[in-house]
Amino acid sequence: MSSLIERKSGERQSIAIETTDTANYTATRRRLTAVQRRWLAESGFEAAPGSFALLADASGKLVRVLVGVEANDSLGALAALPRQLPDAVYHLADESVLADAQQAALGWALGAYEFTRYRKAKRAPAKLAVNAADLKVLAPLVAATAQVRDLVNTPTEDMGPKQLAEAVKQLGKTHKAKVHEWVGDELLKANFPTIHAVGRASHRAPRLVELSWGKSSDPKLVVVGKGVCFDTGGLDLKSADGMRWMKKDMGGAAHAIALAGLIMQAKLPVRLTLLIPAVENAVSGNAMRPGEIITTRAGFTVEIDNTDAEGRLVLCDALAYGAEQQPDLILDFATLTGAARVALGPDLPALFGNRDDIADTVLAAGRSVNDPLWRLPLWRPYRKMLESYLADFANGGPSRHAGAITAALYMERFVPDTTPWLHLDTYAWNDADRPGRPRGGEAMGVRAFFAFLQKRYTR
């Protein structure tokens, strides 16, 4: 959060950043000195999006930065600058061409992120001074995004089921919430058989972590996050390429933890239950086998068609448990299917929901905060793709069609029709560095869902 600081009234020490575009560049140049205009001409600056130019006064002191932008892309306008500009304090000039200065400041902060657990920072990011009101809004969002990124970026050796549970416990300590966990064979005694089945092969015990917060008289909100800390694929082993980044398969849990933190920090009037099934899908002599049939917490029997379709298994027991509380709403987050990435690419998480009005509200919230989602249908005729000749249904099937939809349909069975439910199939990852989106773990949907919850639950 150190990349954003409060701008004090009358402060003159910070350096102005003026954004401009090709349509307004002529007007921008008129405000500059003749020497500065000549420098821009000789340096070839033409206000192209993503370009910037440093401007000095007559003594050679840096006094202004011109930045080329797309006027409707506030979030990306300043995102590359914290790592490119000289280490100093800057502020956004009033003359800037931008749709939303607050979003520009958020983009700056997201672009300043660097994961430094295993190596020193390459350099300190430049700082942007913003007004106190904007800082109050942005600070929690930036911290939540950094938390998701940190959790996902941490290798499994340091982010196994126990460490993921510790993150929930720390969250509970911060917000004075109650935390309970079921570990190892306690899962069987408490009737969480599918979580146990997925995680039993690892030397690290599987667990379900529950955080409870808020007044019992407030609407009940259940948030579930897939916490597969590493996914080998089980006996249906992934390829080397497919397994390489599977430390990120707990990205759904990271999203759920960060969202829960935002909810509690904002003191939203809800009775919150956070559920994190945390496992490692490993291979050993007692690994779950293809063809096994498991009786889930909800009482459905499930045939294991593929041990690499494990995320829906750990989630289904958690969803069933959450539904038993008869909540006002259930949300779940999961890095669930490659099919969602094939359909929508890495930047658009797939949203599913059993209430059109609620899903539409979430989509609108995502658009309003530049955190886009895209809805896919719960097309129930595709349930036949999960048929089993022995069990109530299977966790997969022979067809590669509609993989994200069939995964969502599997989980829908564990949520009563009377309970509103939203499911986000998110990538939680950036494959390459981009302004505001450094390579590695990424929060995709947290800001959208928080904006939605703020609107839904207001006193």
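A salt bridge is a side-chain nitrogen of Lys or Arg within 4 Å of a carboxyl oxygen of Asp or Glu. By this criterion, R117 forms a salt bridge with D158, as the closest N and O atoms are 3.9 Å apart. R117 lies in the loop between helix 4 (101-111) and strand 6 (127-130), and D158 in the loop between helix 5 (132-153) and helix 6 (161-175), so the pair ties together parts that are 41 residues apart in sequence. D158 is partly exposed, at 28% relative accessible area. R117 is also partly exposed, with 47% relative accessibility. The model described here is predicted.

Side chains of opposite charge can pair when their charged atoms come close. The structure holds 27 salt bridges. One of them joins R64 and E18, with an N to O distance of 2.7 Å. This pair links distant parts of the chain: R64 belongs to strand 4 (residues 62-68) and E18 to strand 2 (residues 15-20), 46 residues apart.

R380 is partly exposed, with a relative accessible area of 41%. E412 has 4% relative accessibility and counts as buried. Elsewhere, salt bridges with shared partners join R149, D347, R434, R437 and E442 into one network.

Aromatic contacts form a second group of interactions. A pair of aromatic rings is described by the distance of the centres and the angle of the planes. Over the whole structure, 13 aromatic pairs are found. In the pair of Y25 and F45, the ring centres are 5.6 Å apart and the planes stand at 75°, so the arrangement is edge-to-face. Planes over 60 degrees apart fall in this class. Y25 lies in helix 1 (residues 25-30), while F45 lies in the loop between helix 2 (34-43) and strand 3 (52-56), so the pair ties together parts that are 20 residues apart in sequence. Y25 is buried, at 7% relative accessibility. F45 is buried as well, with a relative accessible area of 5%.

F393 and Y410 make another edge-to-face pair, because their planes stand at 85° with the ring centres 5.5 Å apart. The pair links distant parts of the chain, with F393 in strand 17 and Y410 in helix 14 (residues 403-412), 17 residues apart. F393 has a relative accessible area of 1% and is buried. Y410 is buried at 0% relative accessibility. Ring pairs extend this contact to a cluster of F300, F393, Y410 and F414.

F393 also takes part in a contact with a charged group. The charged end of R413 sits over the ring of F393, 4.3 Å from its centre. A contact of this kind is found at W245, where the charged end of R244 sits over the ring, 3.9 Å from its centre.

Strands of a sheet pair through backbone hydrogen bonds, either parallel or antiparallel. Strand 12 and strand 13 (residues 301-303) pair in the antiparallel sense, over three bridges. I294 stands opposite V302 in strand 13.

Loops supply several local features. N191 has a positive phi of about 70°, although it is not a glycine. This residue, N191, lies in the loop between helix 7 (186-189) and helix 8 (193-199). N191 counts as partly exposed, at 35% relative accessibility. K267 likewise has a positive phi without being a glycine, with a value of about 55°. K267 is in the loop between helix 10 (251-265) and strand 11 (271-281). At 61% relative accessibility, K267 is exposed.

A nonpolar patch lies on the surface. L235, L237 and V283 make this patch, with an area of about 260 Å². L237 is placed in the loop between strand 10 (227-231) and helix 9 (240-243). The relative accessible area of L237 is 54%, so L237 counts as exposed.

Terms used
Residues are numbered from 1 along each chain as its sequence is written. This is a predicted model: local features need pLDDT of at least 70, side-chain atom pairs count only at pLDDT 80 or more; totals for chains, interfaces and linings use all residues. Side-chain values use heavy atoms; hydrogens and water are left out. Two strands pair if DSSP finds at least two bridges between them. Helices (H or I, at least four residues) and strands (E, at least two) are DSSP runs, numbered from the N terminus. Patches are made of residues with over 30% relative accessible area and no salt bridge: like charges are joined within 9 Å, nonpolar side chains (Val, Leu, Ile, Met, Phe, Trp, Tyr) within 5 Å. Accessible areas come from the Shrake-Rupley method with a 1.4 Å probe; for residues, only the protein chains shown count as cover. Buried means under 20% relative accessible area, exposed over 50%, partly exposed in between (1.4 Å probe, protein chains only). Rings of Phe, Tyr and Trp (its six-membered ring) pair if their centres lie within 6.5 Å; planes under 30 degrees apart count as stacked, over 60 as edge-to-face and the rest as tilted. A charge sits over a ring if NZ of Lys or CZ of Arg is within 6 Å of the ring centre and within 35 degrees of the ring normal.
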